[in-house]
Structures are given as C-alpha cells and as structure tokens.
Amino acid sequence: MREQSCCSVCSKRTSKGIYVLNVFLCHECEQEMVNTPVEDPKYQFFVDQMSKAHHQSMIVS
Ligand SMILES: [Zn+2]
C-alpha cells in the first residue's frame with residue numbers, strides 16, 4: 001500500500017498524485033490545473049496554493 005499524502009490544493013488525502021516542487025497535488029487537481037488556461041483566475045489560485053505549500057515545506061525542512 002502506498003503512503004497517502006495531503007493535496008496542497010483541495011486538502012484531500014490520497015496516494016494518487018504527483019509532487020511538483022515538493023508540493024503534493026492529487027490526481028484530480030493536477031488534471032484540473034493542466035486543463036485550466038493560464039489567464040483563468042483559477043489558475044492563479046492553484047499557483048497561490050502551491051507556492052504557499054512550498055513556502056511551508058521550506059520552513060519545516
Ligand atoms: Zn487535490
């Protein structure tokens with residue numbers, strides 16, 4: 001059984017996802033992000049969530 005991680009965007013715990021810049025994204029959020037145009041405000045939301053989570057991981061480590 002794979003270890004579960006908490007998605008940085010939707011906070012869901014799942015083993016299905018990827019790490020981007022040490023930030024975990026679940027499969028659903030990853031798919032949503034790749035299908036969101038850069039000019040969409042939602043894309044900025046993803047970027048914000050990820051940079052926040054990345055910043056936190058820098059403080060922890
Ligand atoms: Zn997610």
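The model is a predicted one, in which local features require pLDDT of at least 70 and side-chain atom pairs are counted only at pLDDT 80 or more, whereas totals for chains, interfaces and linings use all residues. Residues are numbered from 1 along each chain as its sequence is written, and side-chain values rest on heavy atoms, with hydrogens and water left out.

The phi angle of Leu21 is near 55°, a positive value in a residue other than glycine. Asn22 is placed in the loop between E3 and E4 as well, and its phi is positive at about 65° although Asn22 is not a glycine. Most residues other than glycine have a negative phi. Leu21 counts as exposed because its relative accessibility is 61%, the classes being buried (under 20% relative accessible area), exposed (over 50%) and partly exposed (in between), with a 1.4 Å probe and protein chains only. Asn22 is likewise exposed, since its relative accessible area is 60%.

Val23 belongs to strand E4. With a relative accessibility of 2%, Val23 is classed as buried. When residues up to four places away in sequence are not counted, Val23 touches Ser8, Ile18, Met50, Ala53 and His54, where contact means heavy atoms within 4.5 Å. Val23 and Val47 are separated by 24 residues in sequence and by 11 Å in space, C-alpha to C-alpha. Ser8 is also among the contacts of Gln49, which touches Ser8 and Val9 once residues up to four places away in sequence are set aside. Gln49 is part of helix H2 (residues 41–60) and counts as buried because its relative accessibility is 17%.

A zinc ion is coordinated by the SG atoms of Cys7, Cys10, Cys26 and Cys29, at 2.3 Å. Donors are N, O and S atoms within 2.8 Å of the metal (3.2 Å for Na, K and Ca); water is not among the atoms, so sites may look incomplete. The angles among the four donor atoms run from 106 to 114°, and the site is tetrahedral, a label given to four donors if all angles lie between 85 and 135 degrees. The ideal angle for four tetrahedral donors is 109.5 degrees. Along the sequence, the donor residues follow the spacing C-x2-C-x15-C-x2-C. Cys7 is buried, as its relative accessible area is 2%, whereas Cys10 is partly exposed, with a relative accessible area of 38%.

Cys26, one of the zinc ligands, is also a contact of Thr14, which meets Gln4, Ser5, Phe24 and Cys26 when neighbours within four places in sequence are left aside. Thr14 sits in strand E2 (residues 13–14) and is buried, since its relative accessible area is 13%. The side chain of Thr14 reaches the backbone nitrogen of Lys16 at 3.0 Å. This is a polar contact, that is, a pair of N or O atoms within 3.5 Å; within protein, one must be able to donate a hydrogen and the other to accept it, and residues adjacent in sequence count only if both atoms are side-chain atoms.

Tyr43 is located in helix H2. Its relative accessibility is 22%, and Tyr43 therefore counts as partly exposed. Beyond its neighbours within four places in sequence, Tyr43 is in contact with Met33, Thr36, Pro37 and Val38. Tyr43 and Glu32 stand 11 residues apart in sequence and 9.1 Å apart in space, C-alpha to C-alpha.

At the level of the protein chain, two helices and four strands are assigned, and the elements run β-β-β-β-α-α from the N terminus on. Along the principal axes, the C-alpha atoms fill a box of roughly 35 × 25 × 15 Å. Buried residues account for 28% of the 61 residues. Of the contacts between residues at least 6 apart in sequence, 19% join residues at least 24 apart. The protein chain exposes about 4,500 Å², of which carbon and sulfur atoms supply 55%; accessible areas come from the Shrake-Rupley method with a 1.4 Å probe, and for residues only the protein chains shown count as cover.

Key
Tetrahedral: all angles 85-135°; square planar, octahedral: opposite > 155°, others 65-115°.
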